[in-house]
Amino acid sequence: MPGNTKQPLLYLEEYRLKQDPQDYGLADEVFNMSAFKSKLQVVIVRNDEEQGLEFDLIGVYPAIANAFRRLMLSEVPSMAIEKVYIYNNTSIIQDEVLAHRMGLLPLKADPRLFAYRTEESTEQGTEQDTLEYELKVKCTRRKDATKDQSNFDDIYKNHKVYSGHLKWLPKGKQGQIYSESSVSCIHDDILIAQLRPGHELDLRLIAVKGIGKDHAKFSPVATAYYRLLPQITLNREVSGKDAYLLQNCFSPGVIGIDENDCAYVKDARYDSCSRNVFRYPHLSDAVTMARVRDHYIFNVESVGALKPEVIFLEAVKVLKKKCRAFIDEIEAE
């Protein structure tokens, strides 16, 4: 048992979690700023467009880690379509469903370049707080289409409405400041509706700045979650068929087999801690599974307007602003 380690551990037994006997948890800990600074670490593990940002937040309290997660989801702003003026909709999609779909289209616009709309703002908004778009699509039958054709792309024109059909309408001097590619939809191939001859859409769209706490369409992240770092220790040698059986009890890549057919811990980081090993009594005592209590593995995937690392930094700024406001209130009293 790795009970003498300095890392605060939570042990995973078959039916319960067990506290390390040398770790008293958070109950008796008194917050100390200098100790907090010495323990705090942020380690970037992976940062790419396809899989998002993965980083380790080490030496923090659960409340702080969860605060960052909630802020990224709910209080880091983004731009989204708020109002939809429907001048004509002869498709089979109801007006309210169509408006909801338009609101969920992710926009490239950087929210840091825009202001929040206030109660004094006009309905049309200004160039500082509003983006305006239009969507005009009409489905017609192609003149060269024959009766024996079955492919809808050959028969109909504009029978599928995509996010790429949105046209940006610059307000004021926006045309000089932004390009259409910088404020358009992140993906041009998002299917909005399917039309048939006689169907037509004529919409005007108003996008504003908001936060996920008001509506999920303003959330800048696709996913933002964390988990505790797994720690796996082999208590005895496991070889032969038992080694391969032990390997199958864990996620791929966690347990390796050496040239002597002996099991070893290859990489415990991505283990799901499923406890499958307890299904085999002769192996249950061979492994000690634990999680490091103050080591959080964060995964952040952006919707696309802001990069994941920028979203995390913006969350830090929001938390800092909240703390400053709270301190000012205390000092005022």
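Colleague: Into which domains is the chain divided? Please then describe how helix α2 and helix α8 meet.

Modeller: The model is predicted, with local features requiring pLDDT of at least 70 and side-chain atom pairs pLDDT 80 or more, whereas totals for chains, interfaces and linings use all residues. Numbering starts from 1 along each chain as its sequence is written, and side-chain values use heavy atoms, without hydrogens or water.

The chain comprises domain 1 (14-75 + 223-235 + 286-298) and domain 2 (78-218), with bounds from an automatic or database domain assignment. The C-alpha centres of domain 1 and domain 2 are 41 Å apart.

Turning to the packing, helix α2 spans residues 62-74 and helix α8 residues 308-332. Helices (H or I, at least four residues) are DSSP runs numbered from the N terminus. The two axes come within 9 Å and cross at roughly 110°; axes are lines fitted to C-alpha atoms over the stretch in contact, and angles run from 0 to 180 degrees between N-to-C directions.

By class, the contact residues are 9 nonpolar, no polar and 1 charged. Here Ala, Val, Leu, Ile, Met, Phe, Trp, Tyr, Cys and Pro count as nonpolar, Asp, Glu, Lys and Arg as charged, and the others, Gly among them, as polar.

Technical notes:
Helices (H or I, at least four residues) and strands (E, at least two) are DSSP runs, numbered from the N terminus.
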